[in-house]
Number of protein chains: 2
Amino acid sequence: MAQTMLEKWLTPARILTVGFAALILIGAVLLSLPIASKSGEGLNFIDALFTATSAVCVTGLVVVDTLTQFNLFGQLVILSLIQIGGLGFMTVATFIIIFTGRRIGLKERLVIQEALNVNSMEGVIRLARNIVLITLGIELFFAAILAFRFALVMPIDRAIYYGIFHAISAFCNAGFDLFGDFRSLTGFVDDPTVNFVVMLLIILGGLGFTVMVDLWKAPKPERLSLHTKLVLIMTSSLLLVGTIGYFLLEMNNPKTLGALDWEGKILASMFASTTARTAGYATIDYGSVSDASLLWTILLMFVGASPGSTGGGIKTVTTIVILLYVVSVITGKDSTVAFRKRIDPRTIYKAFVVAVMAALLLIGVTFVLTLTEDKEFIRLLFEATSAFGTVGLSTNLTPELSPVGRLILILTMFAGRVGPVTLALALTVRAHEKALIKYPEEKLFVG
Amino acid sequence: MAQTMLEKWLTPARILTVGFAALILIGAVLLSLPIASKSGEGLNFIDALFTATSAVCVTGLVVVDTLTQFNLFGQLVILSLIQIGGLGFMTVATFIIIFTGRRIGLKERLVIQEALNVNSMEGVIRLARNIVLITLGIELFFAAILAFRFALVMPIDRAIYYGIFHAISAFCNAGFDLFGDFRSLTGFVDDPTVNFVVMLLIILGGLGFTVMVDLWKAPKPERLSLHTKLVLIMTSSLLLVGTIGYFLLEMNNPKTLGALDWEGKILASMFASTTARTAGYATIDYGSVSDASLLWTILLMFVGASPGSTGGGIKTVTTIVILLYVVSVITGKDSTVAFRKRIDPRTIYKAFVVAVMAALLLIGVTFVLTLTEDKEFIRLLFEATSAFGTVGLSTNLTPELSPVGRLILILTMFAGRVGPVTLALALTVRAHEKALIKYPEEKLFVG
Ligand SMILES: [K+]
Ligand SMILES: [K+]
């Protein structure tokens with residue numbers, strides 16, 4: 001009986017939420033142990049919790065520098081949290097279950113379905129296996145390239161380790177680095193190899209696994225699903241528009257792009273556009289960019305990557321669905337059409353709810369931060385958006401946050417990764433029975 | 001034939017847009033004439049255009065001080081623009097037509113319907129007449145009270161003029177004042193008479209005429225329409241929550257509420273909460289409030305007053321419809337219900353579109369301002385929201401704006417008053433024919 005109650009309580013949304021939370025807690029305990037620190041002294045729990053949350057939610061915001069604070073054990077804990085968080089712990093769980101030969105019930109399938117954002121139950125397990133295989137394959141391949149590049153500037157064993165660490169961190173859109181002093185990738189601002197490999201990893205990781213599988217299976221463009229087409233269109237346009245924006249906004253800023261030659265300027269603009277959605281590696285100092293560039297980055301971070309990917313934000317498809325619907329209303333169209341397919345009204349509704357909840361969350365978090373932190377408003381909004389979109393870019397403000405500010409960002413990263421809608425569903429008592437009374441409808445005047 | 005083309009082109013949305021624009025241009029020309037200036041020298045056209053837009057759109061942002069710049073003629077031009085803009089020029093046109101005995105055709109009725117935000121065509125003309133009579137009645141009554149109060153500190157003829165000017169400006173949520181030096185009502189921060197009269201005028205003006213008529217006709221609460229109930233609930237909760245917010249945020253700020261006694265603190269908080277939606281009179285200096293209070297004000301300004309009123313913003317009903325829908329999704333309800341009435345799905349869609357378009361407009365305007373003005377981000381966001389919501393509050397930044405910044409705010413005030421959706425409808429070629437091809441529907445993953 002008690003078990004039935006628990007099983008009934010454990011809806012897919014709740015399993016996801018509780019699972020992420022448990023993983024974060026385990027990570028926080030491990031990272032706070034003295035055996036994880038270089039100094040041999042345990043990290044205080046709130047900073048360990050911040051780091052674990054940032055890793056599991058693949059955010060990349062850091063209150064302590066990863067290289068300076070953690071020894072190899074600590075770094076490997078972070079890397080594992082990133083890999084599990086990036087894949088989605090349910091995918092990992094599924095893979096382990098398959099590997100150990102256990103049967104998977106309906107309930108587990110439902111959870112995996114929710115975690116992977118697929119509509120049909122069929123092939124969920126095969127999808128989970130494919131995801132793990134594709135991920136490991138891509139990470140290994142690019143880790144090798146990075147290792148060769150790093151071997152030019154460091155010992156070979158360290159280069160291999162750095163190749164693996166940064167390939168995983170980039171593909172999972174996690175943004176953690178081992179270059180010390182909160183420097184991220186600023187040392188490689190005009191290095192083509194590092195830039196292109198990391199950008200490619202970020203973009204692939206941000207497409208979402210369903211898109212990757214769809215691309216793999218359907219080589220002919222016309223056979224791709226509407227979802228895949230919209231993801232590809234949005235991803236490429238956002239990358240292009242983002243690049244042009246950074247180039248124009250920062251080309252004359254001596255602290256960022258101004259010092260670089262033309263190729264360097266273009267490369268750094270491309271990287272900034274890529275990393276904003278939602279990787280978090282930085283090759284320029286976001287503490288030195290203009291307010292216009294901060295707002296530009298905030299917008300890109302808010303949109304984020306694609307559904308079912310390692311990235312965050314409200315997602316590309318959500319954004320395009322809203323924009324397409326608004327355009328269809330203004331042009332007096334009956335339905336919202338893309339690539340000769342009508343978009344389901346329920347999808348449109350859900351997109352609006354996702355965007356509104358994200359905006360409300362972000363406004364609330366920024367409001368509280370204006371009370372607890374004595375910093376410029378746009379930097380607080382930037383940091384909040386970075387945490388919500390699990391981006392990890394920072395105007396160098398995160399390490400200076402008050403303890404309350406750190407706690408708020410921990411919760412924001414968590415809400416951003418789980419998704420505000422899923423989180424709200426997990427926290428609410430839902431009306432299971434259908435409404436018995438059918439109320440009369442009434443029109444209202446809005447706007 | 002040519003006339004038919006024009007008539008076809010003149011949709012209700014376009015008549016409203018063109019009408020507002022024409023009124024503004026006439027006002028701008030009059031205000032730029034030397035006979036409108038105290039100095040006898042004509043005001044430059046862009047500042048005259050800014051003032052006329054601010055008056056017609058009942059915004060109240062000013063680049064020149066009304067008392068210092070304009071003589072009696074100029075002030076009366078502004079007052080007329082406020083009164084016409086506040087009533088909606090179509091209401092005024094209707095009234096004139098009725099007064100002169102002309103018949104009103106279907107087309108005119110459609111325009112009036114759009115302008116007054118009513119659903120049925122019946123009684124549109126009676127409504128227009130009632131609106132004008134209610135408005136003049138309320139303004140006259142409170143003008144008398146204000147005149148008595150002002151007579152204590154100025155000659156009686158000036159007190160009567162000030163009573164009329166500020167009663168009209170307050171009821172129309174316009175926020176223009178004649179106290180000089182951009183001071184607004186700061187001189188009356190703890191004066192109960194001025195505060196309560198002005199607050200009452202602002203609140204009544206912000207309810208919307210349909211609500212006022214509904215309240216007039218249906219004294220029993222249960223017979224009020226859903227629209228009226230939602231407006232009353234939202235208006236009173238926002239006033240209460242706003243007041244508490246300002247009180248907590250500013251009570252210890254020596255530059256705003258800190259210097260006042262408890263009654264003064266409460267009165268000033270009430271006034272700040274009232275004026276933010278969307279009157280624009282100020283009794284405290286918004287250049288001295290905290291960032292948290294600026295954000296608080298931005299949120300209240302964004303919500304604004306109620307539909308079909310003299311106020312701006314996305315409107316109270318739009319906000320509550322979105323919130324009710326989000327709550328119904330999270331709690332797993334089939335339909336969105338308020339006061340035992342289901343809210344029409346088309347209303348919900350329209351509310352989302354209004355909010356999204358407003359947010360996009362605001363982000364775009366603020367982004368351009370970060371490029372043209374060298375000011376703090378939150379002040380630019382504040383000024384943009386104030387212009388969009390036709391509020392008129394300012395962190396004293398408007399008079400310092402660059403010419404491009406002024407032009408942008410002129411367009412923002414206009415878009416805010418006409419409404420971004422109506423404006424977009426006016427600017428777009430609509431698909432009149434029904435879509436011939438019915439495309440298949442496809443679900444997408446969002447968020
Ligand atoms: K990230
Ligand atoms: K106003």
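The donors of the potassium ion, ligand 1, follow the spacing V-T-x113-N-x104-T-A-x110-T-V along the chain. Donors here are N, O and S atoms within 3.2 Å for K. Water is not among the atoms, so the site may look incomplete. This is a predicted model, where local features need pLDDT of at least 70 and side-chain atom pairs count only at pLDDT 80 or more. Residues are numbered from 1 along each chain, and chains are lettered from A.

Who are the protein donors? They are A:Val58 (O), A:Thr59 (O), A:Asn173 (O), A:Thr278 (O), A:Ala279 (O), A:Thr390 (O) and A:Val391 (O), lying 2.3 to 2.8 Å from the ion.

Take two of them. A:Thr278 sits in the loop between α13 (262–275) and α14 (291–303) of chain A, and A:Thr390 in the loop between α17 (377–388) and α18 (403–418), so the pair ties together parts 112 residues apart in sequence. Helices are DSSP runs (H or I, at least four residues), numbered from the N terminus. Both A:Thr278 and A:Thr390 are buried, meaning under 20% relative accessible area with a 1.4 Å probe, protein chains only.

Now α13 of chain A. A:Thr274 is in that helix. At 4% relative accessibility, A:Thr274 is buried. Beyond neighbours within four places in sequence, A:Thr274 contacts A:Met199, A:Ile202, A:Ile203 and A:Leu239. Contact means heavy atoms within 4.5 Å.

Last, chain B. Which residues of α12(B) meet α13(B)? They are B:Leu238, B:Leu239, B:Gly242, B:Thr243, B:Tyr246 and B:Phe247. On the α13(B) side, the partners include B:Trp262, B:Ser273 and B:Thr274.

Notes:
Side-chain values use heavy atoms; hydrogens and water are left out. Helices (H or I, at least four residues) and strands (E, at least two) are DSSP runs, numbered from the N terminus. Buried means under 20% relative accessible area, exposed over 50%, partly exposed in between (1.4 Å probe, protein chains only).
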